[in-house]
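Biologist: I'd like to learn how to read a structure like this one. Could you walk me through it?

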Amino acid sequence: MAGMPFPTGAWFTNLLINNVDGDEATAPAGCLPYGVLTDLKGVHVSYGPSHRMTSQKRITDLYVNDVTLGAATGATARYVTAFDGLSVTMHYELQGGGSMTVPLVKGSPFVTVEYQGATPVLSSAAEIAEVEPLVAEGRPGYMATVLMTSGQRWLVTCSEPVFFQWSGSELTASRPVSGVVRVAFVPSGPGWEDARDLLIAHAHVYPTSADTEVAYDEDGAAATLSYAFATRTSAAAPPAESAHGAGVAASGEGD
């Protein structure tokens, strides 16, 4: 955050402070519905309800590195470039050139990384049990559902048509990309395919920042809280006629 005042008590403050060991890892921050943590390896994502502990006095969502989005070369520096009440943008400079930009926006079901000249790597603390590539009408780029040995299922999308190699707990792109990679937790249970398809239908638009506004009525007895999100559209945007409800099928390709 060079050249910017430090925001006291901001929701993302943990992302700016090294952990107690003094290394580059930070403490998690709540970017609901996820917990996120950043270090030079990338952005780590936890879906807390999957690790929930309850007692008579408290409900605790534990932080676990469910998914990490990084780059094959690793980063040399990371810093915040923008923030507001609901979002923060983390920028990574990568070894050998290239960059990653991560707009973390509260309320988004996706975690998004903009890659420039970098090879995306997705990894997990759990082993990957299955990768199912997907094909949707009018959807260029890469899509897959990834099933973890933990039982979690994640949707992975990339705006460029690139192949991801599966090895153990990692998915690595076959080449550098200049595009957008997004991941989202897919709820389990009956109807999970419908949830996946809804996420796919909106995966091409992603938020980058947000603003809030409070409007009071004339007598001040009531107020309306409004949210306005700034968005971008990835190169994988579908044609207008197929932007919603696109049919999705397994591609039948190998892992």
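Biologist: What share of the 255 residues of the chain counts as buried?

Modeller: Keep in mind that this is a predicted model. Here 47% of the 255 residues count as buried. The accessible surface of the chain comes to about 12400 Å², and 53% of that belongs to carbon and sulfur atoms.

Biologist: And how many helices and strands does the chain have?

Modeller: One helix and 20 strands. As for contacts with a separation of 6 or more, 55% are between residues 24 or more positions apart.

Biologist: Next, the core. Which residues have the most contacts inside the largest nonpolar core?

Modeller: General idea first: in soluble globular proteins, nonpolar side chains tend to be buried together. In this chain the largest nonpolar core has 56 residues, and Tyr-34, Leu-69, Leu-104, Tyr-115 and Trp-154 have the most contacts inside it. Strand 17 (residues 177-186) gives this core its largest share, six residues.

Biologist: How many cavities of 30 Å³ or more does a search of the whole structure find?

Modeller: The idea is that rolling a probe the size of a water molecule over the atoms shows where empty space is left. Here the search turns up two cavities of 30 Å³ or more.

Biologist: What lines the second largest cavity?

Modeller: Among the lining residues are Cys-31, Tyr-34, Val-36, Leu-104, Phe-110, Arg-182 and Pro-207. Strand 2 (34-39), strand 9 (99-105) and strand 10 (110-118) are the elements that give two or more residues to that lining. Sorted by class, the lining has nine nonpolar, two polar and one charged residues. Tyr-34 and Leu-104 line this cavity, and both are also on the list of residues with the most contacts inside the core.

Biologist: Why does Thr-60 count as partly exposed?

Modeller: Thr-60 has 28% relative accessibility, so it counts as partly exposed. You'll find Thr-60 in strand 5 (residues 59-61). Not counting residues up to four places away in sequence, Thr-60 touches His-51, Arg-52 and Met-53. Its C-alpha atom is 8.6 Å from that of Pro-49, eleven residues apart along the chain.

Key: Residues numbered from 1 in each chain as written. Predicted model: local features only at pLDDT ≥ 70, side-chain atom pairs only at ≥ 80, totals over all residues. Heavy atoms only, no water. 1 Å grid on protein atoms, 1.4 Å probe; cavity = no way out; pocket = protein on both sides within 12 Å on 5 of 7 lines; lining within 4 Å. Points joined across faces, edges and corners; volume = space filled by probe spheres on them. Helix = DSSP H or I, 4+ residues; strand = E, 2+ residues; numbered from the N terminus. Nonpolar A, V, L, I, M, F, W, Y, C, P; charged D, E, K, R; others polar. Buried < 20%, exposed > 50% of the residue type's maximum accessible area, 1.4 Å probe, protein only. Contact = heavy atoms within 4.5 Å. Areas by Shrake-Rupley, 256 points an atom, 1.4 Å probe, with all protein chains shown as cover. Core = buried A, V, L, I, M, F, W, Y, C linked by side-chain atoms within 4.5 Å.
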